[in-house]
Protein chains: 2
Amino acid sequence: MKVPNEELQRRLRRLREELSAAGIKQTHQRLEIFREVAGSGDHPCAETVYRGVRRRVPSISLDTVYRTLWLLLDLGLVGTLGRSRDRTRFDADTRPHHHFVCSRCGMTMDFYSEEFDGLGLPGGAGEIGSARRARVEIEGICADCARSDRKERRRKDE
Amino acid sequence: MKVPNEELQRRLRRLREELSAAGIKQTHQRLEIFREVAGSGDHPCAETVYRGVRRRVPSISLDTVYRTLWLLLDLGLVGTLGRSRDRTRFDADTRPHHHFVCSRCGMTMDFYSEEFDGLGLPGGAGEIGSARRARVEIEGICADCARSDRKERRRKDE
DNA sequence: GTCTAGTTTAGTTATCGTTCTTATTTAGGA
DNA sequence: TCCTAAATAAGAACGATAACTAAACTAGAC
């Protein structure tokens, strides 16, 4: 799976824009690391990116790859699959269920929905495979955080 | 967040059933570790479970907690949040998108669906918070694996 | 109740992904 | 071109997790 060149160029242009907007230096390493991720239609891990970039920049260090990937994540230029930088969390609820994650406080809450359980691949993506079970993660602001936000705002307005 | 006692008892009963069905001994430690996870409506990490169990079984070792949690996972008595035991994977596609994960080969494929992007909390769970964005992960068998499964079955039938 | 195989503990060590430290290099502005 | 803050390379360090040991323990079969 390769990203078409046109799309890759678009992404590289965006990288340059975002870096200068944020006042961050455009180094050879950063460019090549991003090119590696942005050019693979896949979901590479840091090690894979490292091996790929090393073919073009043999002196690159794994540390630089990690630092750069987290930088790109902060800038919103890449994302991660699943929760990153978190230890494994266990869940004794084995019924099919879904999660709501508060993007403010990080709290994860379960909820149930048979409709969500049975979601299948949408038309056009059906040829990828056959669905067995769906898990939905909704990101948003939990009621508690929304409350304290409102309180905070009221305090400021006075 | 605490699990109601009735539900906890149901889960403990299931633990006993599954352990004897699998011919695995029912030890005090296993019971207490499971009770800790099953009794917390939360999503504790191994360390949290360890601290909780240690209050009741002070001699417990962290090693036993890990061994038992993975055992419970293998038995399907607990699950994990997100991909466990996997390194962080990066994704240069910053458009909203969803994933199809093949439970046979582990391959993760992207797909797009504006309908999925906009999923909100279902009725009855709306008071949890306000949704901002949804991510759907569909688990199933990819077309490639389905093909080789069929081939395998044909070979056996001959 | 006895036996035994499976389990736990404690302690040590290994591994793996990731991060830190420090000396060196470099991008980009003056 | 020169300067300096920022970035890098190398390898040591780190934290979570896993493996291994030997000795003690115990659940469940007989």
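## A salt bridge to start with

Let's begin with Arg95(B) and Asp93(B), whose side chains meet in a salt bridge at 3.5 Å, N to O. A salt bridge here is a side-chain nitrogen of Lys or Arg within 4 Å of a carboxyl oxygen of Asp or Glu. Arg95(B) is partly exposed at 45% relative accessibility, whereas Asp93(B) is buried at 9%. Buried means under 20% relative accessible area, exposed means over 50%, and partly exposed lies in between (1.4 Å probe, protein chains only).

This is a predicted model: local features need pLDDT of at least 70, side-chain atom pairs count only at pLDDT 80 or more, and totals for chains, interfaces and linings use all residues. Residues are numbered from 1 along each chain as its sequence is written, chains are lettered from A and ligands numbered from 1 in the order in which they are written, and side-chain values use heavy atoms, leaving out hydrogens and water.

## Salt bridges along helices

Over all chains, the search finds 29 salt bridges. Another one joins Glu7(B) and Arg11(B) at 2.9 Å, N to O. These two sit four residues apart in helix H1 (residues 5-22) of chain B, about one turn of the helix. Helices (H or I, at least four residues) and strands (E, at least two) are DSSP runs, numbered from the N terminus. Glu7(B) is buried at 16%, and Arg11(B) is buried too, at 11%.

Over in chain A, a network of salt bridges links Glu32(A), Arg35(A), Glu36(A) and Arg56(A).

## A hairpin in chain B

Strands S3 (residues 98-102) and S4 of chain B run antiparallel, joined by four bridges. Strands count as paired if DSSP finds at least two bridges between them. His98(B) has Phe111(B) as its bridge partner in S4(B). Five residues lie between the strands of this hairpin, where Gly106(B) takes a positive phi near 80°.

What about the faces of S4(B), residues 108-111? Both are covered: Thr108(B) and Asp110(B) are buried on one side, Met109(B) and Phe111(B) on the other.

## Where the chains meet

Contact means heavy atoms within 4.5 Å, and 60 residues of chain B are in contact with 60 residues of chain A. Across this interface there are six salt bridges. Strand S5 (residues 129-142) of chain B gives the most to its chain's side, with 14 residues.

S5(B) also pairs with S5 (residues 129-142) of chain A, in the antiparallel sense over 13 bridges. Arg133(A) has Glu139(B) as its bridge partner there, and the side chain of Glu139(B) meets that of Arg135(A) in a salt bridge (2.4 Å, N to O).
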